[in-house]
Amino acid sequence: MLSNPSAWADAEGLLRRAHAILAVTHVSPDGDAIGSLMGLTHALRGLGKTVTPACQDPPHPRFEYLKGVHDIRQSAEGDFDLLVVLDTSDLARLGTIFLPAQHGRLPMVVIDHHVTNLNFGTVNIVEPTASSTAEIVLALLKKMGVPLTPDIASALLTGVITDTLGFRTSNTTSNTLAAAMELMQHGAPLPEIIRRALVMRSFDSLRLLGAGLSSAKLEGRLAYATLSQKLRRELGVQEERGDGGLVGTLITAYEVDVAAVFVELTSGEIEIGLRAQPGFDVSQVALEFGGGGHAAAAGCTLPGPMRDAVNRVIPRLKRVIEET
Ligand code: 5GP
Ligand code: MN
């Protein structure tokens, strides 16, 4: 970490001087998005700042154990003097929460760990070796000498746990474990966070996972599946988006180097989740299609219909396997 020390110092300066901070994260927020957002929000409030956390989509109910998640607004109107963007590799990924006319003139601090980050802020703390944005936020708070409370620690540990799948992914380092230990020492309940953020899921998502697994295709060492709105209706699945953990499950097969899941949204667009075994890189494919992510986990959204999205992405993924 700390690949650009002057960015860290500049970010600290902007945060210290700000009074009214708008903190935002990406659409369909995952545990790292919510955890880094709430951890930073609590910490900056502790310094006497007014902080407004916001996101286009509300947090999933699984994150209700985190203090203050209901403060996350779905609109970002207001008077601010600083914008902080968390866990987001490009502005489009903020969706409708970013209002160019109002927010475009604000100084912007970007804090992220995606290798595909476009460095679109005034100051960019982008550390691709960090397990999670939460791990970077922890390092920044320590650098600033901000005392950790159990609320800050629980939020940040949620980010670490969800982005490493409980310390199982290749982005887990000794630094990650040291961060987790420190967060536990400051009151974050690790087993409870693992259970709530990672293990428990809806019965609906299990049914979606089952249907997706039974229709998945294996072509060479590429596994992929599609989840249409029609299938969701047939299964009676209430959740409008998400893959029920399907792409993460497909990549666990010995026979698979790269996995993809195509999820049809209610808008007709297709959200694509990509996963790769160590040694393979799907982040550049996602970037080419306007998305982003990490070597081992990335994604993008393409126009429908499903068939067109599949026909564009599958040949490109087969090339990743051939050329690796
Ligand atoms: P997931 O498949 O879990 O939704 O996403 C895996 C990774 O890809 C995450 O790091 C996520 O931030 C990134 N990702 C997924 N979809 C998109 C997208 O549409 N745009 C960008 N920039 N990143 C994405
Ligand atoms: Mn993340």
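1. Buried means under 20% relative accessible area, exposed means over 50%, and partly exposed lies in between, with a 1.4 Å probe and protein chains only. Thr149, at 33% relative accessibility, therefore counts as partly exposed. Thr149 sits in the loop between helix H4 (133–144) and helix H5 (150–163); helices (H or I, at least four residues) and strands (E, at least two) are DSSP runs numbered from the N terminus. Between the C-alpha atoms of Thr149 and His70 there are 19 Å, for a separation of 79 residues along the chain.

2. On conventions: this is a predicted model, in which local features need pLDDT of at least 70 and side-chain atom pairs count only at pLDDT 80 or more, while totals for chains, interfaces and linings use all residues. Residues are numbered from 1 along each chain as its sequence is written, chains are lettered from A and ligands numbered from 1 in the order in which they are written, and side-chain values use heavy atoms, with hydrogens and water left out.

3. How many salt bridges does the structure hold? There are 13, a salt bridge being a side-chain nitrogen of Lys or Arg within 4 Å of a carboxyl oxygen of Asp or Glu. Glu12, Arg16 and Lys143 are joined in a network of such bridges.

4. One of the salt bridges pairs Arg196 with Glu192, with 3.2 Å between the closest N and O atoms. Both residues belong to helix H7 (residues 190–199) and are four residues apart, about one turn of the helix. Arg196 has 29% relative accessibility and so counts as partly exposed. Glu192 is also classed as partly exposed, because its relative accessibility is 30%.

5. A salt bridge with an N to O distance of 2.6 Å links the side chains of Lys318 and Glu219. Lys318 is in helix H12 (residues 306–323) and Glu219 is in strand E6 (residues 217–219), so this pair ties together parts that are 99 residues apart in sequence. As for accessibility, Lys318 is partly exposed at 30%, and Glu219 is partly exposed at 29%.

6. Asp257 and Arg221 form a further salt bridge, the closest N and O atoms being 2.7 Å apart. Asp257 lies in the loop between helix H10 (246–250) and strand E8 (258–264), and Arg221 lies in the loop between E6 and strand E7 (222–227), so the pair ties together parts that are 36 residues apart in sequence. Is Asp257 buried or exposed? At 10% relative accessibility Asp257 counts as buried, whereas Arg221, at 36%, counts as partly exposed.

7. Which residues come nearest to ligand 1? Of the 15 residues around ligand 1, these are Ser89, Arg93, His114, Arg275 and Ala298; a residue is near a molecule or strand if one of its heavy atoms lies within 4 Å of it. By class, the shell has three nonpolar, nine polar and three charged residues. Here Ala, Val, Leu, Ile, Met, Phe, Trp, Tyr, Cys and Pro count as nonpolar, Asp, Glu, Lys and Arg as charged, and the others, Gly among them, as polar.

8. Strand E9 (270–276), strand E10 (292–293) and strand E11 (297–302) each provide at least two residues of the shell around ligand 1. E11 gives the most, with five residues. Domain 1 (5–198) and domain 2 (203–323) each contribute at least three residues to this shell; the domain bounds come from an automatic or database domain assignment.

9. Distances to polar atoms of ligand 1 are as follows. A polar side-chain atom of His114 is 3.0 Å from an oxygen atom of ligand 1. For Asp90, a polar side-chain atom lies 3.1 Å from a nitrogen atom of the ligand. An N or O atom in the side chain of Arg93 is 3.4 Å from a nitrogen atom of ligand 1. Taken alone, ligand 1 exposes 500 Å², of which the protein buries 78%; accessible areas come from the Shrake-Rupley method with a 1.4 Å probe, and for residues only the protein chains shown count as cover.

10. Two other sites complete the note. Ser283, in helix H11 (residues 283–288), is buried, with a relative accessible area of 1%. Its side chain makes a polar contact of 2.7 Å with the side chain of Asp281; a polar contact is a pair of N or O atoms within 3.5 Å, and within protein one must be able to donate a hydrogen and the other to accept it, residues adjacent in sequence counting only if both atoms are side-chain atoms. Glu182 is in helix H6 (residues 174–185) and counts as buried at 18% relative accessibility. Glu182 and Arg207 are 25 residues apart in sequence and 37 Å apart in space, C-alpha to C-alpha.
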